[in-house]
Amino acid sequence: MRFSQLLSHLSEVQAAGGTQGLSHNLSEDPELRGAAALDQSGQGDLSFLEPGNALAAALAASGASAVLLPAKGDEAEALQQQATERGQAWVALRDPRLAFAEALDALYPRQPKAPGIHTSAVVDPEAVVGMGSHVGAHVVIGAKVQIGASCTIHPNVVIYDDVQIGDGCELHAGAVLHPGSRLGRACVVHSNAVVGSEGFGFVPTASGWRKMPQTGLVVLEDGVEVGCGSTIDRPSVGETRIGAGSKIDNLVHIGHGVTTGQGCALAAQVGIAGGARLGNGVILAGQVGLANKAVMGDRSIASSKSGIHGEVAAGEVVSGYPAIPNRLWLRCSAAFNKLPELTKAIRSLEKQAKP
């Protein structure tokens, strides 16, 4: 695909009515065979830069034939000149990262699976599989399951009884959906993820732990993506709900009765205990932990390894364990390295103060 052809697939170029409305240089309009990171790119590759990189040095080290450059920033014009001098085709965009994602779709188009049910799949007679859906080898689909149109169910997926899956969903190999799972449209569940597993509910008795039956639902709203090895538990009653457009990384655990707003992002190894509530647009970095019934307000952020025990206000950024405002945590971290010196100084003052 020529660089000029690729540009027509980018939403920012389309919104501008074509490249005429954007700073660009087609150079020799190179033929692109793929895409690569700047430091790994070579002839025939597309790459991108965005503010925050060591921009000029990164571009100088790149062998890419074409690059997506930032339209804003102190170095924008210099980068354009540098790319031109290096003979690289380029276009300057407000959001090069988004454009790169769109470019990957164009350069590596996905081939849809052919509709139909593999002969080795086991489908209960009471199950309904929508038109245009693909059911792969050794898939097991239980009774009263409803699968929407144009879904892709990869090999070895297990779908228990009483599961509903909306149109255009994709379940990757080894995913398991337990009873009471409800998936909206265009959800993706990656390999070995488990949706609707029984919540960790037990009642202490004189003779030991008595299991609390988990009879509720797990609801994934439209466009939710669940990473490999992640688990989302169903509650004893009521529902666990993941808001539309939320993205869950690998190895994340979401406990029973948790609710999240729309557009949340949960990084790897996040653990959320039962009953916690997340607002819209919440971001939890790697290994963040939320205690029972903790609350994260809209657009709040918890940095890596933070521990949330109470309520975080909307828009607040917190860090540390227990979590405190990020700016305070940075000051505390700086002071931590000085504790040995401070301890020594205090002991010296104590000696001087003794009669």
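Here are some questions and answers on a predicted model.

Reader: Before we start, what are the ground rules on numbering and confidence?
Author: Residues are numbered from 1 along each chain as its sequence is written, and side-chain values use heavy atoms, with hydrogens and water left out. As this is a predicted model, local features need pLDDT of at least 70 and side-chain atom pairs count only at pLDDT 80 or more, while totals for chains, interfaces and linings use all residues.

Reader: What is the strand order in the open sheet of five strands?
Author: Strands here are DSSP runs of E, at least two residues long, and helices are runs of H or I, at least four, both numbered from the N terminus. Two strands pair if DSSP finds at least two bridges between them. Pairing in this sheet is mixed, and the order is β1-β5-β4-β3-β2.

Reader: Which strands stand at the edges of that sheet?
Author: An edge strand here has a single partner strand, so one side of it is left without a neighbour in the sheet. The two in that position are β1 and β2.

Reader: How many of the residues of strand β5 are buried?
Author: Buried means under 20% relative accessible area, exposed over 50%, and partly exposed in between, using a 1.4 Å probe and protein chains only. Both faces of β5 are covered, with A89, V91 and L93 on one side and W90 and A92 on the other. The strand, residues 89–93, is largely enclosed by the rest of the structure, because the buried count is five of the five.

Reader: Do β4 and β5 run parallel or antiparallel?
Author: On the other flank, β1 (residues 24–25) pairs with β5 in the antiparallel sense over two bridges, with N25 opposite W90. Strand β4 (residues 66–70) is joined to β5 by five bridges, and P70 has L93 as its bridge partner. The β4 and β5 strands run parallel.

Reader: What hand does the β-α-β unit of β4, helix α4 and β5 have?
Author: Helix α4 covers residues 76–85. Look with the strands pointing away from you: if the path from the first strand over the helix to the second runs clockwise, the crossover is right-handed. This unit is right-handed.

Reader: What is the relative accessible area of G307?
Author: G307 belongs to strand β36 (residues 307–308). Leaving aside neighbours within four places in sequence, G307 is in contact with G289, G320, Y321, P322 and A323. G307 is buried, and its relative accessible area is 4%.

Reader: Where is the cis peptide bond with omega near -10°?
Author: One of its two residues, P322, lies in the loop between β38 (317–319) and β39 (324–325). The bond runs from Y321 to P322.

Reader: Is N192, with its positive phi, buried or exposed?
Author: Phi of N192 is near 65°, in a residue other than glycine. N192 is found in the loop between β18 (188–189) and β19 (194–198). With a relative accessible area of 52%, N192 is exposed.

Notes: Contact means heavy atoms within 4.5 Å.
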